[in-house]
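Here's a quick briefing to read alongside the model. Have the sequence and the 3D view open, and let's walk through the fold together.

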Amino acid sequence: MKHSFLFAVALVLALLAPLAVEGAESGTMLAHNVFFTLKEKTPAAQEKLVDACHKYLKKQKGVVTFFAGKREAGLTREVNDLDFDVSLHIVFRTAADQEIYQKDAQHLKFIEENADTWAKVRVFDSLVR
């Protein structure tokens, strides 16, 4: 019985190990952080863009984590950059996944439907581990 349990655990670990290595790419993933400054700075405009982020960008291939939200007005420490209204944070398994995302029809539709509302967009991409 004990050997059967150990064999089952070893089998599961053996099956999962290649998945961890495939996504790790030498232990790094790509963090894609986008900060939108809106032309119209209303809560409704902010919420509309956050909703669009979730609608079009959340289920892309290779997404490990996804967050989109409004800047919190109460966070005003000296080190806080306050020059944005909505932020988007996506971590992709690989840089290749992020390249596919850039050309994806859903991503392009998001840009087409929302770009007119943006006064400024800042993108910060980095490899993370």
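How many of the 7 residues of strand E3 (residues 86–92) are buried? The answer is 6, so-called "buried" being under 20% relative accessible area, with exposed over 50% and partly exposed in between (1.4 Å probe, protein chains only). Keep in mind that this is a predicted model: local features need pLDDT of at least 70 and side-chain atom pairs count only at pLDDT 80 or more, while totals for chains, interfaces and linings use all residues. Residues are numbered from 1 along each chain as its sequence is written, and side-chain values use heavy atoms, with hydrogens and water left out. Helices (H or I, at least four residues) and strands (E, at least two) are DSSP runs, numbered from the N terminus.

**The sheet**

- Four strands make an open sheet in the order E2-E3-E1-E4, with antiparallel pairing; two strands pair if DSSP finds at least two bridges between them.
- E2 and E4 are the edge strands, each pairing on one side only.
- On average, neighbouring strands here are turned by 10° against each other, direction ignored; axes are lines fitted to C-alpha atoms, for helices over the stretch in contact, and angles run from 0 to 180 degrees between N-to-C directions.
- E3 pairs with strand E1 (residues 29–38) in the antiparallel sense over 7 bridges. On that side, His32 has Ile90 of E3 as its bridge partner, and Phe35 stands opposite Ser87 in E3.
- E3 also pairs with strand E2 (residues 63–70), again antiparallel and over 7 bridges. Here Ala68 stands opposite Leu88 of E3.

**The core**

- The largest nonpolar core has 20 residues. Such a core is a set of buried Ala, Val, Leu, Ile, Met, Phe, Trp, Tyr and Cys residues joined through side-chain atoms within 4.5 Å.
- E1, helix H2 (43–57), E2 and E3 each put in at least two residues, and H2 gives the most, with 7.
- Which residues have the most contacts inside this core? They are Phe36, Leu57, Leu88 and Phe110.
- In soluble globular proteins, nonpolar side chains tend to be buried together.
- Phe110 touches Phe36, Leu49, Ala52, Cys53, Tyr56, Leu57 and Trp118, not counting residues up to four places away in sequence; contact means heavy atoms within 4.5 Å.
- Asn114 sits in helix H4 and is buried at 4% relative accessibility.

**Aromatic pairs**

- The whole structure holds 6 aromatic pairs. Rings of Phe, Tyr and Trp (its six-membered ring) pair if their centres lie within 6.5 Å; planes under 30 degrees apart count as stacked, over 60 as edge-to-face and the rest as tilted.
- Phe35 and Phe124 have ring centres 5.8 Å apart and planes at 75°, so they meet edge-to-face. This pair links E1 with strand E4 (residues 118–128), across 89 residues of sequence.
- Phe35 is buried at 18% relative accessible area, whereas Phe124 is partly exposed at 43%.
- Phe36 and Phe110 are edge-to-face too, because their centres are 6.1 Å apart and their planes at 70°. Phe36 is in E1 and Phe110 in helix H4 (residues 105–114), 74 residues apart.
- Phe36 is buried at 3%, and Phe110 is buried at 2%.
- Phe35, Phe84 and Phe124 form one aromatic cluster.

**Salt bridges**

- There are 7 salt bridges in the structure, each a side-chain nitrogen of Lys or Arg within 4 Å of a carboxyl oxygen of Asp or Glu.
- Lys70 pairs with Glu47, their closest N and O atoms being 3.4 Å apart. That bridge runs from E2 to H2, 23 residues apart.
- Asp83 and Lys120 meet at 2.4 Å, N to O. Asp83 lies in the loop between E2 and E3 and Lys120 in E4, so the pair ties together parts 37 residues apart in sequence.
- Arg93 bridges to Asp97, with the closest N and O atoms 3.2 Å apart. Arg93 is partly exposed at 23%, while Asp97 is buried at 3%.
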